[in-house]
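The following exercises are to be worked through with the sequence and the coordinates at hand, and each task is followed by its solution.

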Amino acid sequence: MIVRLGLALLLSLMCASGCFIGRYEEGLPVAADKIPQIVPGETTKAEILDWFGAPSGLADAHLLESFLVDRELMPGPVVDLPFADVLVYRLTQGRLTAMLFVLYNTIDFHVASDTLIVFFDANDRVSYFGYRKGTDELR
Amino acid sequence: MSCARALASLAALMLASGCIIVRTYVGNELPAISDGQLVPGVTTKADVLQDLGPPDRLVRQYEGDVFVYAYIRRNESTFMLEEPVFTHLTILSYTKEQEKSDRMVVLFDRSGIVSGVGFRRGTEQLDPF
């Protein structure tokens, strides 16, 4: 009887497992459908602001980025201060996956961003821009 | 009876010990750079943005901009063995922590032409556990 009880206890311990999945997102999605319309030398800053809204750093809180920067896991925000000739749009996502099996536990935390950066010339027209959709790696 | 004791001891021991593996990945893997893709004096800022995408950090210097690209991975493994009921005494604790990063900086002159490139790939040196 005691042996059975012990076996049952051991089995229940082994089966005492759990899976946790968490997602965190900060910033607004970058309107990727508007990106093909950006033409260096033609598109104006007013159009960029109209299409993509207020840039990051001016309108969004960055709790996750601040947390990671404090722990030297990120090089910092793309720009420290808003420059007149650079606008940055960024959506940052974090995915946490944890599997807890009492004896063996794994925790994966992956952070990635979609980033659009637009440079302007002295006439407030786009001179260069770059876009990366990094959050696809989290799917 | 001795079998039951052994079983109970084993259960207590298993309850008290555990292994935790934490993996933290921040950023996106840097694209592979082929020879001749970033040539100082030739490659433009537009080329870099086209090929590598936006930087993770933009640094402004008097002589021109610096693009910083970073991909950071941290693996942490912990094994603990402790007495769970009376003293909570830690008998053994082993932790291994590794942090490696791929980092690239691209320096530009004032006219937006690449003046220098620095690249270091560190994530390949990361142990799986």
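Helices (H or I, at least four residues) and strands (E, at least two) are DSSP runs, numbered from the N terminus. The model is a predicted one, in which local features need pLDDT of at least 70 and side-chain atom pairs count only at pLDDT 80 or more, while totals for chains, interfaces and linings use all residues. Residues are numbered from 1 along each chain as its sequence is written, and chains are lettered from A and ligands numbered from 1 in the order in which they are written.

**Exercise 1.** Describe the secondary structure of chain A and the order of its elements.

*Solution.* Begin with the count, which for chain A comes to 3 helices and 4 strands. Then read along the sequence, where the pattern is α-β-α-α-β-β-β.

**Exercise 2.** Determine which elements of chain A have the lowest and the highest mean pLDDT.

*Solution.* Take pLDDT as the predictor's confidence in each residue, from 0 to 100. For chain A the mean is 82, and 85% of its residues reach 70 or more. Among its elements, helix 1 of chain A has the lowest mean (67), whereas strand 4 of chain A has the highest (93). Where pLDDT is low, the predicted coordinates should not be read in detail.

**Exercise 3.** Characterise the contact between chain A and chain B from the side of chain A.

*Solution.* Count two residues as in contact if their C-beta atoms, placed from the backbone, lie within 7 Å. The contact then takes 36 residues from chain A and 32 residues from chain B. On the side of chain A, two or more residues each come from helix 1 (2–15), strand 3 (104–120) and strand 4 (126–133), and strand 3 of chain A gives the largest share, 12 residues.
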